[in-house]
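Here is a short walk through one chain, from its overall layout down to a handful of single residues. Keep the viewer open while you read.

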Amino acid sequence: MHSPSELSRQKRFGRIIRERRDELGLTQLQIGDLGGPSAPTIRKIEDGEAAISMQTLNKLDAPLRWLPGSAARTYAGGVPAADEPANAVRGAGDSVVAGPDAIRFEISDLTGLLAASGRLNDAVENGRTTDPQVVAAVAELNRVISKLSARYATAMLERNGGPGRQLHPLVEMAFAHLLAVPAEASDPGELQERRYRRWLAGRSEDIDAATEARFRARWLAANVATTTERNGE
């Protein structure tokens, strides 16, 4: 039996999904055709009758043209971020093939990339390869791996930190280099991620109420997702 607050949240989420679907001019069946949940599932969600798994939430983002994680954030009480305006018109030559905006990867994949990157960097630093194209490719690989590592750090901090939680010293030590006071960055998104990680670690500088609310909604959505995965829903 669901609590009144849970039922209210499901009703709110269902209303947002229905309004977005109507805004895009999509039927419940078309949501499924675009890679989303089946029409019966969408009907239950919109009626506020479904307890939604993380897998189902992730399937909603692409057909509703939301940025990855928007459905989970909205289900937790936040708001979605649109990937493109609902009234955007595709050109005649634009592709209509839909694909995932993100995929899940195992930590072993990341550690494998780090190991391979380490060997390549050793080869460059020790002069075993001086080909400019190889050196440039290794530098680009380092940038990609750095982003993946930062995302892993954010996920770890979401699970172990946040309001009311004391970050374990081992976690804090492991990600100390990603918790320094953020310098100005050319990429606003990167700067926001740095500030979010510091907020999760309880080190946030003064932030305005809107940013605080946005960080809290994101953290709550991440923890809803973690709980759902642990419960196998």
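Predicted model: local features only at pLDDT ≥ 70, side-chain atom pairs only at ≥ 80, totals over all residues.

## Overall layout

Of the 233 residues in the chain, 32% are buried.

The average pLDDT for the chain is 81, and 81% of the residues reach at least 70. Going by helix, α3 (residues 39–46) has the highest confidence, at 91, while α10 (residues 209–230) has the lowest, with a mean of 77.

Residues 86–97 are another matter: pLDDT there is below 50, and the stretch makes 8 contacts in the model beyond near neighbours in sequence.

## α6 against α7

Next, a pair of helices to bring up on screen. The axes of α6 (residues 107–125) and α7 come within 10 Å and cross at roughly 150°. The crossing is left-handed.

On the α6 side, the contact uses I107, L110, L113, L114, S117, L120, N121 and V124; α7 brings V135, V138, L141, N142, I145, L148, S149 and Y152. Sorted by class, that contact of α6 with α7 has 12 nonpolar and 4 polar residues, with no charged ones.

## α7 against α9

Helix α7 (residues 132–160) also meets helix α9 (residues 188–200): the two axes come within 9 Å and cross at roughly 30°. Angles under 35 degrees count as roughly parallel, and α7 and α9 are therefore roughly parallel to each other. Their crossing is left-handed.

From α7, the residues making the contact are A150, A153, T154, L157 and E158, and from α9 they are E193, Y196, R197 and L200. The class count for α7 with α9 comes to 5 nonpolar, 1 polar and 3 charged residues.

L200 belongs to helix α9. Is L200 buried or exposed? With a relative accessible area of 1%, L200 is buried.

Setting aside residues up to four places away in sequence, L200 touches T154, L157, E158, G161, G162 and W219. Three of the names there, T154, L157 and E158, come up in the α7 side of the helix contact too. As for spacing, L200 and T154 are 46 residues apart along the chain, and their C-alpha atoms are separated by 8.4 Å.

## L24 and R65

L24 is found in helix α1 (residues 4–24). Its relative accessible area is 11%, so L24 is buried. Along the sequence L24 and R65 are 41 residues apart, yet in space the C-alpha to C-alpha distance is 8.8 Å.

R65 itself sits in the loop between α4 (54–61) and α5. What is the phi of R65? R65 has a positive phi of about 55°, although it is not a glycine.

S70 lies in helix α5 (residues 70–75). The relative accessibility of S70 is 0%, so S70 counts as buried. Which residues does S70 touch, not counting those up to four places away in sequence? The partners of S70 are D61, P80 and A81.

E172 is in helix α8 (residues 169–174). Buried means under 20% relative accessible area and exposed means over 50%, so E172, at 24%, is partly exposed. Leaving aside neighbours within four places in sequence, E172 is in contact with L167, L179 and R203. E172 and G161 are 11 residues apart in sequence, with 9.5 Å between them in space, C-alpha to C-alpha. G161 is also one of the residues touched by L200.

Note on methods: Residues numbered from 1 in each chain as written. Heavy atoms only, no water. Axes fitted to C-alpha atoms, helices over the stretch in contact; angles between N-to-C directions. Helix = DSSP H or I, 4+ residues; strand = E, 2+ residues; numbered from the N terminus. Parallel < 35°, antiparallel > 145°, perpendicular 65-115°, else oblique. Left-handed = near helix turned anticlockwise from the far one by under 90°. Contact = heavy atoms within 4.5 Å. Nonpolar A, V, L, I, M, F, W, Y, C, P; charged D, E, K, R; others polar. pLDDT = per-residue confidence, 0-100. Buried < 20%, exposed > 50% of the residue type's maximum accessible area, 1.4 Å probe, protein only.
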